[in-house]
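Welcome, and please open your viewer and get ready to select residues by number.

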Amino acid sequence: MTNRLPHSLRADARDNRERILAVTRTVFAAEGLDVAMREIARRAEIGPATLYRHFPTKEALVTEVFTEQMAACTAIVDEGLADPDPWRGFCRVIEKVCELHAQDRGFTAAFVSAFPRAIDFAAARERALRKVAELARRAKAAGKLRPDFVLDDLIMVLMANGGIRTTSPAAAVAASRRFAALLIQSMQTEPVRPPLPPAVRLPLAVVT
């Protein structure tokens, strides 16, 4: 019995950690980062002490939850950089990053937020942004991207894209694609204006 106890405790701890991450991903994706740690613990059906034992700060939880999304974001940028046509690569980055962020409100909030103690997350974000800056430089040199584009414009794009509210995840992705197409046309030095993706009916906010 004594020999089996540590293994059982490790298994319980592992199960708790996996449940915390699964619940947090769902909550952050649907509601953003404002959900309190105690509420996450409640939805994961664990005590706050257990949550803080695994993740002492919200920054630590954010870093762990969005590791996969950050890796996907970096892969998108790397793919754009590898394209021999820098403008085509730049457009692909805008389209795919907007779609990635449309699927997860929490990731957008984390990406544009300052988490001074989330060192790993911040470092990965800075690497991705430096790569986007290099891709933008190449697209400008090719004469395709307007010369007054700056990296802060991309942050503004992500903030605006994250503000899209729809009735379903599929509608959010569709709306994001149209939004990205509009943005890309505005960023070209000589817009060619191909047809936009289909429009999406968006719910209007009720003003009281």
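Start by selecting Arg146, which is partly exposed, with a relative accessible area of 35%. Here buried means under 20% relative accessible area, exposed over 50%, and partly exposed in between, using a 1.4 Å probe and protein chains only. The side chains of Arg146 and Asp148 meet in a salt bridge, at 2.7 Å from N to O. A salt bridge is a side-chain nitrogen of Lys or Arg within 4 Å of a carboxyl oxygen of Asp or Glu.

Before going on, a word about what is on your screen. This is a predicted model, where local features need pLDDT of at least 70, side-chain atom pairs count only at pLDDT 80 or more, and totals for chains, interfaces and linings use all residues. Residues are numbered from 1 along each chain as its sequence is written, and side-chain values use heavy atoms, leaving out hydrogens and water.

How many salt bridges does the structure hold? There are 14, and the next stops show some of them.

Select Glu39 and Arg42. Their closest N and O atoms are 2.6 Å apart, forming a salt bridge. Both residues lie in helix H2 (residues 37-43), 3 residues apart, about one turn of the helix. Helices are DSSP runs of H or I with at least four residues, numbered from the N terminus. Glu39 is partly exposed, at 22% relative accessible area, whereas Arg42 is exposed, at 55%.

Next, pick Asp78 and Lys131, whose side chains meet in a salt bridge of 2.8 Å, N to O. Asp78 sits in helix H5 (residues 67-82) and Lys131 in helix H8 (residues 119-141), so this pair ties together parts that are 53 residues apart in sequence. Asp78 is partly exposed at 33% relative accessibility, and Lys131 is partly exposed at 26%.

Now for the nonpolar side chains. In soluble globular proteins, nonpolar side chains tend to be buried together. A nonpolar core is a set of buried Ala, Val, Leu, Ile, Met, Phe, Trp, Tyr and Cys residues joined through side-chain atoms within 4.5 Å. Select Phe66 and Phe90: of the 51 residues in the largest nonpolar core, these two touch the most other members. Helix H6 (residues 86-102) gives this core its largest share, 8 residues.

Which residues is Phe90 in contact with, leaving aside its neighbours within four places in sequence? Look for Leu135, Ala136, Ala139, Leu145, Phe149 and Met187, where contact means heavy atoms within 4.5 Å.

Definitions and conventions
Helix = DSSP H or I, 4+ residues; strand = E, 2+ residues; numbered from the N terminus.
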